[in-house]
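Here are a few friendly notes to read alongside the model. Please keep the viewer open as you go.

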Amino acid sequence: CASAWTTTQSSHCVAITRSAPQLCTGKAHLHPILLLQKLHLHTEKTQSSSTFFDDSSSSASTSSPQSTALVPVVPKQEDADHCEHWKTLFPPGPKDIPKNVCPEKCDVCGDTSTGYHYEVASCNGCKTFFRRAVLGQRKFICKKGGECKKSMSKEVRVKCRSCRFERCVEAGMNPLAILSETNPGNNSIVREILSKRKMLPDSIENRPSTSREPFKLFVHPQLMENTMDRLIDELLHLEIAHERIRKSNYAPSLHDGLTMENCLKGHSKLGIDYGEAPPRVDHEKPHFEYIPFEVRIRDRIPFPQPPGKFCDRPKPKMWPFVDLVYTIEYLKTFDFFHKLDEFDKRALTKHITLVTVYITNSFYSYEHKSDCTVHPDGCSPHAGKILDWKEAEYERALHYETIQRIKKLQMDKKEYVLLKAVMACNPALEDLSTGAREIMQEQRDRYAKSLMSYVMARRGFLEGPSAYSEMMSHVDWLTRLVRKHRDIHVLLCALGLANRKFPPLMDEIFGA
């Protein structure tokens with residue numbers, strides 16, 4: 001699951017860079033965001049440097065403070081970020097966390113871990129429990145005097161919240177990595193945890209919890225770097241899980257009658273091991289001749305009825321349908337998704353699912369060096385016959401041009417997962433409530449800033465801004481392609497050209 005890791009992009013933060021020749025001149029390394037000063041983006045000069053988004057595990061920093069410094073300041077009349085939002089980093093820097101390795105056990109309760117959350121290998125349950133306890137400033141009392149935590153397990157964690165929280169703290173969970181906590185200085189639980197770890201100077205430790213005097217913490221560069229790396233690593237782990245379920249034996253049928261409500265219920269299935277599906281076995285004949293949608297609609301050519309039985313071999317996956325289900329399971333893994341009410345979840349799912357399917361298919365095909373859409377079982381839509389029809393404008397865009405655009409961008413996996421997350425957080429969608437728009441905007445800013453930083457670090461000052469702009473343009477292009485798909489679906493239904501009634505889920509997402 002993507003956890004609530006955050007990177008503070010404000011003037012209070014120390015900037016991080018990747019040590020790459022194309023990004024630097026002279027002796028000092030600059031944060032990629034600082035390079036955008038000439039593009040009139042609001043940033044400030046940095047006082048330190050370190051490697052950023054480097055594939056190696058080493059990092060270096062110069063003139064960075066080795067102890068946490070807290071300085072009372074008078075708030076400026078600037079945006080709220082500069083006045084009230086502050087973050088801290090640990091004086092010696094965070095402990096080394098292995099990258100691209102998903103831990104097996106939760107350090108708190110021993111249950112199966114879903115990744116690193118707030119700097120600790122943990123399960124979704126303990127991650128959510130710690131976050132709620134900190135944000136709610138809740139204090140618990142153990143009836144057994146703290147004995148429960150000595151034998152903490154999946155069963156015990158539910159019975160004693162006090163010992164569970166203590167185990168979260170002892171394991172090293174960082175309350176300052178919680179994205180929703182915008183003013184941790186006034187949070188008594190945060191102060192208590194930092195005090196236990198001896199991270200607060202006496203002047204701040206003795207400060208009344210009711211005091212509203214603003215102060216800031218200078219950010220240690222190593223945790224800022226790890227925070228950004230961890231965000232990307234979690235998205236990469238999530239993408240692995242998404243790809244695994246696409247390759248799995250889990251294959252919802254068109255006849256299951258799945259609705260959006262059915263798909264949104266319960267936890268995400270991305271963590272379930274269904275086993276890998278066997279290689280695709282082609283049937284003797286395709287059950288209908290390929291004719292482009294535009295031609296069918298123009299000449300009123302209906303789809304033929306499918307045969308009652310294909311053959312004795314297993315049916316292949318119906319990718320236009322199953323990919324919708326898999327993508328909804330992907331969306332359900334995000335923390336922000338569960339902050340939305342049921343109405344907003346449905347609105348987001350309706351507008352985001354199809355465009356997410358498009359970019360997933362196109363990058364998977366690009367990664368497997370295919371010029372046409374290819375699915376994990378080896379299936380390629382219409383077996384290359386699309387190019388034989390000049391009228392197949394929509395199909396060429398969907399199955400060929402999407403891949404060519406990614407190829408032209410030379411997009412790597414990290415850029416892809418960040419862009420995919422940006423697409424999943426669109427606050428401009430129709431039907432979203434005001435509260436949902438605020439949640440989505442906050443998340444989108446987080447992913448967009450991370451994408452910009454990574455693109456600048458990878459591509460340099462000359463190519464970075466234009467590459468980022470082209471990626472955002474690609475999102476707009478995919479959105480227009482989704483609208484075209486919906487128009488085709490509505491026309492097929494209205495003209496009675498479909499060979500059977502579409503599953504409820506498809507009708508809900510396609511807008512019929």
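This is a predicted model: local features need pLDDT of at least 70, side-chain atom pairs count only at pLDDT 80 or more; totals for chains, interfaces and linings use all residues.

1. Residues are numbered from 1 along each chain as its sequence is written, and side-chain values use heavy atoms, leaving out hydrogens and water.

2. Have a look at helix α2 (residues 124–135) and helix α4 (residues 161–171), whose axes come within 10 Å and cross at roughly 100°. Axes are lines fitted to C-alpha atoms, for helices over the stretch in contact, with angles from 0 to 180 degrees between N-to-C directions. Helices are DSSP runs (H or I, at least four residues) numbered from the N terminus. The two are therefore roughly perpendicular (65 to 115 degrees).

3. On the α2 side, G125, C126, F129, F130, A133 and V134 meet R161, R164, F165, C168 and V169 of α4 (contact means heavy atoms within 4.5 Å). These residues divide into eight nonpolar, one polar and two charged. Ala, Val, Leu, Ile, Met, Phe, Trp, Tyr, Cys and Pro count as nonpolar, Asp, Glu, Lys and Arg as charged, and the others, Gly among them, as polar.

4. H242 sits in helix α7 (residues 221–246). At 1% relative accessibility H242 counts as buried (under 20% relative accessible area, 1.4 Å probe, protein chains only). Leaving aside residues up to four places away in sequence, H242 touches L270, Y326, T327, Y330, T360 and K420.

5. In helix α11 (residues 342–367), 20 of the 26 residues are buried, so α11 is largely enclosed by the rest of the structure.

Definitions and conventions
Angles under 35 degrees count as roughly parallel, over 145 as roughly antiparallel, 65 to 115 as roughly perpendicular and the rest as oblique. Buried means under 20% relative accessible area, exposed over 50%, partly exposed in between (1.4 Å probe, protein chains only).
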